[in-house]
Amino acid sequence: MSQRRLVAVPPIMDRPAPAPIPYALVAEVTHRCPLHCVYCSNAVELKHEYAELSTANWLRVLDEAHALGVVQLHLSGGEPLVRPDLEQLVERARELEFYSNLITSGVGLSPERARSLAGWGLDSAQLSIQAGDAGASDRVGGRKAFAEKERAAAAILEAGLPLSMNVVLHRLNLDQVESIIDLCVSWGAERLELANTQYYGWALRNRDFLLPTRAQLEAGRAVYERKKAALQDKMELIWVLPDYYEPFPKPCMGGWGQMHLTVSPDGTVLPCQAAASIKSLQFENVREHDLAWIWRESDSFNKFRGFEWMQEPCRNCDRRFQDFGGCRCQALALTGDASRTDPACKWAPDHHLISEAVSRAQTGVGVGAPAAASAAHLRQMIYRRDPERT
């Protein structure tokens with residue numbers, strides 16, 4: 001039986017260490033989206049269009065991010081293409097010498113729009129797909145969009161942009177890993193991220209329908225390893241570890257308030273896209289505070305920096321230097337306390353919450369067949385809906 005290694009706790013300093021310099025800004029310019037994915041990473045409490053930041057505010061945010069040291073800009077949503085000012089944001093990003101990346105469903109990305117964005121300075125585009133075939137993709141996304149995604153991939157390449165692709169893996173598509181990879185190769189992708197679902201927000205609501213069996217996961221991982229070796233000179237393949245089946249949690253965005261910051265559609269600034277679920281924290285807004293002050297001085301960004309906030313077993317564990325206690329949003333979602341050890345850790349007092357969910361997944365509780373879902377099962381899932389449509 002493995003044992004947790006302990007090291008001496010460093011002394012608590014009177015003054016906290018200076019805040020690090022952020023590397024990347026995720027600009028969630030809108031929560032509006034044509035898709036309704038059951039695993040959506042947006043907050044369950046979606047922001048209305050009328051609450052979105054104006055163009056002028058977004059341009060100011062980019063200026064402040066540049067002054068803070070940010071070098072990468074990820075234009076995200078929802079679907080950022082619904083913003084008619086997207087080209088203006090891309091233009092400012094080029095002026096500030098950001099590396100700019102569009103994260104898109106592809107719906108609404110015509111050849112003309114792709115050329116326009118490339119012309120104003122967009123550096124790359126990441127296109128999401130939901131499965132390896134049209135039927136499964138459209139069911140998971142809640143809309144017939146597969147054909148539009150294929151056209152979007154062609155438009156990205158025709159505009160001279162590098163095409164990266166992303167698929168969120170779960171029970172409903174893990175058996176399609178090979179066909180997903182082959183599809184992305186045929187569409188001309190140079191990079192594919194196979195991201196196992198993280199269960200908070202919308203995905204947590206649908207966990208019993210999405211959590212795969214261990215056999216599914218192992219089979220999918222084997223396909224990934226084989227295809228990665230075969231495609232090493234043609235396409236980069238990335239496998240994002242599945243929290244529920246790993247012995248230790250992943251570091252939350254490289255550590256809370258360490259490398260990334262997210263600006264929500266209404267201007268709320270978050271350490272990660274899911275952090276708004278932590279109601280015990282007051283997250284500041286760029287309408288009221290400078291981005292640098294929020295990053296360096298705000299209580300919300302300093303709350304889980306360092307190690308002093310940690311409870312046992314994290315506080316005396318040497319893994320705290322690797323995973324920083326894991327995901328605060330996952331800890332909150334499962335235990336009700338954002339400061340507890342991430343239950344994904346095998347040493348966590350609440351690890352049984354993960355183990356019990358995994359045990360249910362092995363028998364297909366809630367979905368019938370472990371590797372598939374019928375139309376009846378799909379009707380039981382909770383599809384993401386924009387506020388205007390609820």
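**Ground rules**

I number residues from 1 along each chain as its sequence is written, and side-chain values use heavy atoms, with hydrogens and water left out. As the model is predicted, local features need pLDDT of at least 70 and side-chain atom pairs count only at pLDDT 80 or more, while totals for chains, interfaces and linings use all residues. My helices (H or I, at least four residues) and strands (E, at least two) are DSSP runs, numbered from the N terminus.

**Entry 1: α2 and α3**

I began with helix α2 (residues 86–95) and helix α3 (residues 111–119), whose axes come within 9 Å and cross at roughly 25 degrees. Here axes are lines fitted to C-alpha atoms, for helices over the stretch in contact, and angles run from 0 to 180 degrees between N-to-C directions. The crossing makes α2 roughly parallel to α3; angles under 35 degrees count as roughly parallel, over 145 as roughly antiparallel, 65 to 115 as roughly perpendicular and the rest as oblique.

Which residues make the contact (heavy atoms within 4.5 Å)? On α2 I noted Leu86, Glu87 and Val90, and on α3 Arg113, Ser116 and Leu117. By class they are 3 nonpolar, 1 polar and 2 charged. For the classes, Ala, Val, Leu, Ile, Met, Phe, Trp, Tyr, Cys and Pro count as nonpolar, Asp, Glu, Lys and Arg as charged, and the others, Gly among them, as polar.

Next I checked the length of helix α9 (residues 214–230). The expected span is 1.5 Å times one less than the number of residues.

Then I asked which residues of α9 are buried. They are Gln216, Leu217, Gly220, Val223, Tyr224 and Lys227. These residues cover an arc of only 125 degrees around the axis, so they sit on the same side of α9; the arc is that of the directions from the helix axis to the C-beta atoms. Buried means under 20% relative accessible area, exposed over 50%, and partly exposed in between (1.4 Å probe, protein chains only). On the face turned away from the buried side I found the exposed residues Ala215 and Glu218.

The cover over the buried residues of α9 includes α6 (177–187), β6 (191–196) and β7 (236–240). I looked at α6 in particular: its axis and that of α9 come within 9 Å and cross at roughly 35 degrees. Val177, Glu178, Ile181 and Asp182 of α6 meet Gly220, Val223, Tyr224, Arg226 and Lys227 of α9. That contact has 4 nonpolar, 1 polar and 4 charged residues.

**Entry 2: α14**

Helix α14 has 12 residues and reaches 17 Å from its first C-alpha to its last, close to the expected 16 Å. Its buried residues are Ile354, Ala357, Val358 and Ala361. Down the axis of α14 they fall within an arc of 100 degrees, so they line one face of the helix. Among the elements covering them I noted α8 (207–210), α9 and α13.

**Entry 3: two single residues**

Leaving aside neighbours within four places in sequence, Ser164 touches Ala125, Gln126, Leu127 and Arg191.

I found Lys303 in the loop between α11 (299–302) and α12 (320–323). At 42% relative accessibility, Lys303 is partly exposed. With neighbours within four places set aside, its contacts are Trp256, Leu281 and Trp309.

A reminder to myself: most residues other than glycine have a negative phi, and most peptide bonds are trans.

- A cis peptide bond joins Gly77 and Gly78, with omega about 20 degrees; Gly78 is in the loop between β2 (72–76) and α2.
- Another cis bond joins Glu312 and Pro313, with omega about 10 degrees; Pro313 is in the loop between α11 and α12.
- Glu97 has a positive phi, near 65 degrees. I placed Glu97 in the loop between α2 and β3 (99–104), exposed at 70% relative accessible area.
- Phe324 also has a positive phi, near 55 degrees. Phe324 lies in the loop between α12 and α13 and is partly exposed at 26%.

Technical notes. Contact = heavy atoms within 4.5 Å.
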